[in-house]
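Hi,

Here is the model I said I'd pass on. Have a look at it first, and my notes on how the chains meet follow below.

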Amino acid sequence: MITIFCNGESRRLDRVMSVEELMVSLGLNPETVVAELDGRILSRPEYAVTPLADGATLELIRFVGGG
Amino acid sequence: MLTIAGKTFRSRLFTGTGKFSSPRVMKEALLASGSEMVTVALRRVDLHDPADDIMAVLDRDRFFFLPNTAGARNAAEAVRLAKLARASGGGNWVKLEVTPDPRTLLPDPVETLAATEELVKAGFVVLPYMNADPILALRLQDAGAAAVMPLGSPIGTNQGVLTRFQVAIIIEQARVPVVVDAGIGAPSHAAEAMEMGADAVLVNTAIAVAGDPVRMAQAFAKAVEAGREAYEAGLGARRTEAEASSPQTGLDFLR
Amino acid sequence: MFIAPEFQQLRDRIAAGGPDAVERALARGRLDLDDLAALLSPAAGPFLAEMAQRSARLTRQRFGNVIQLYAPLYLSSFCINRCAYCGFSAGNAMPRRVLSFEEAEAEAMILHRRGFSHILLVSGEAPAKAGVEYLEALALRLRDKFAAISIEVQPLETAEYARLFAAGITAVAIYQETYDQTVYDQVHRAGKKRDFVYRLATPERAARAGMREVGIGALLGLSDWRAEGLAMGHHLAYLRKAFWRTGLTVSFPRIRPAKGEFAPLMPVSERDLTQLIFALRIFDPDLGLYLSTREEARYRDGMLGLGPTRYSAGSCTVPGGYGDSAASGAQFEIGDQRTIDEVSRAIRAKGLDPVRKDWDAIFQQHEQGRRQAA
């Protein structure tokens, strides 16, 4: 088991997974989500090849309605 | 045609995408508005409701997305949000908003200028939301802002263009387009801003919370067109004092 | 960079305006260049009294009941240019001199004793005789005695203007003489001044260097004054946008037919001059407008309160002429010979306040790094 912090909540993962795998498991379309891992913005191609280490801080962000 | 940073827009009505009752109503209202530029905000994904995705509703070929930095309380936060927006495929345009006071949501001029300088250096097309301060508008232009977005009145108040005197100065001095943002609560307010010579207006709340957002969007589209046409046609001046029709000023000294 | 509109196009645009366009312009709060064209047109002639009233109201609203007084200090009559209209032209046989620092300071102190705290340093265009070093050294000698020092000398580079600004010179006047390039080429027969474009870009170089105020002007009588007025409107509108920190002024030097002097190519009457002044005031209410002693006392008194805000007084256009009334070699003849006290009395008689001092350069911070977007 590893623990990550995603959007301010701690989250337990039963195995090491990539950022993209996590997005899919959350029901998100990776094409419309930005990921910031430990303060660094990831590029889209990095999603599939970047593993989430124990203790990682991940922010998942996307566009919402706004003025 | 309005041109900002080399991109042209037929419609001078920009619309926000917040506060609509549903994505479907939003889409219909935005289509009815004729608007070509819509603002969007960035937020953390709600992990408990991941399906709420504005990107799925709006066709990006039809609407040019202008990501804002809503929520930023200082320049550093705004720069971070802008970079996140760019990374999310939002392009390099950003509506810069820095609003440290959660009560009024009025923009911080010092942080806004600092963020504009930094974002322009980083290659962004920056459209700063600002209080209607003519000198700040000039400083933001000097810093490379692609347009300036003075407020008509505090956001969400629907009070109209209370800052008309300063907005008129901003328009007169501007070297970049002036977009009146915030406080436009009725089509007549939008028409007034356009009659004054604003290049565009940005409307969100007034459409989103109207009884019938689709019809209100159409009403705003007409008002913006009417105001622009009146401006281009040339309005007669309102006199602040009577001017005698038979002037009293003596020019007898002339030879 | 400012690019002058084609002069004939300006003339056509002015000719196109009728009384409707004039009435429309007079009804508007803020005027655009089409409105200015209308106010400069022959169709505006019958509206001169209305224009006077509007101009007077705007002037009072913006500047109050105040006339600023200044005096020119002629430093040098040497000039490398041959300009058909000018007494200092290189071809003219005349006694020439450049004042030493001591002589210039003595002249300045005469003006100081007369109560002037704003002086305009004037010279012919001869960098070898009165160049940047000369002006800088002189400004450093005078800066403590005067609240404001302006220059009307040869065009300089931006870095040179920045140097002079640091030395206490805060305003630059540089006249295009005419925006009609055909006439410009005809009357500027030799010298660096032949370069129309370089001269045209001079006001913006001065503004970029941080000068608080930049003045432009056309020598009236060289070409069509109406189109000159519209060209100045274009120039002013450009400068306002590009250099918003810089105050702008306009002068109206008019060639008056006089014995032995250059006859105007296209004479400008008093009525024409008046229409031009009113049109520019209404177009840009923030302009500082100069009316020099080239014009007669009667005209200058009549115009008090109607538009111009700056008057020279007791002027002498001969280097060294304040201390030595026998000095000869004037640039142009004076139309208003009155002393500063006489002019001040005339100003007060109109209910206006003659002010000999405006702003203290002592408050100025010499920020070399301050630059404006161009």
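**Who touches whom**

Two pairs of chains touch, and the pair with the most contacts is A and B. Keep in mind that this is a predicted model. Chains A and C do not touch, with 30 Å between their nearest C-alpha atoms.

**Where A meets B**

On this side, 28 residues of chain B are in contact with 21 residues of chain A. Two elements of chain B, β4 (37-44) and α2 (75-90), each give two or more residues to the side that touches chain A. The largest share comes from β4(B), with six residues.

**Where B meets C**

What does each chain bring to the contact between B and C? Chain B puts in 15 residues and chain C puts in 22 residues. The elements of chain B that each supply at least two residues to the side touching chain C are α4 (134-142) and α5 (164-173). By class, that side of chain B splits into six nonpolar, four polar and five charged residues.

Cheers

Methods: Residues are numbered from 1 along each chain as its sequence is written. Chains are lettered from A and ligands numbered from 1 in the order in which they are written. This is a predicted model: local features need pLDDT of at least 70, side-chain atom pairs count only at pLDDT 80 or more; totals for chains, interfaces and linings use all residues. Two residues are in contact if their C-beta atoms, placed from the backbone, lie within 7 Å. Helices (H or I, at least four residues) and strands (E, at least two) are DSSP runs, numbered from the N terminus. Ala, Val, Leu, Ile, Met, Phe, Trp, Tyr, Cys and Pro count as nonpolar, Asp, Glu, Lys and Arg as charged, and the others, Gly among them, as polar.
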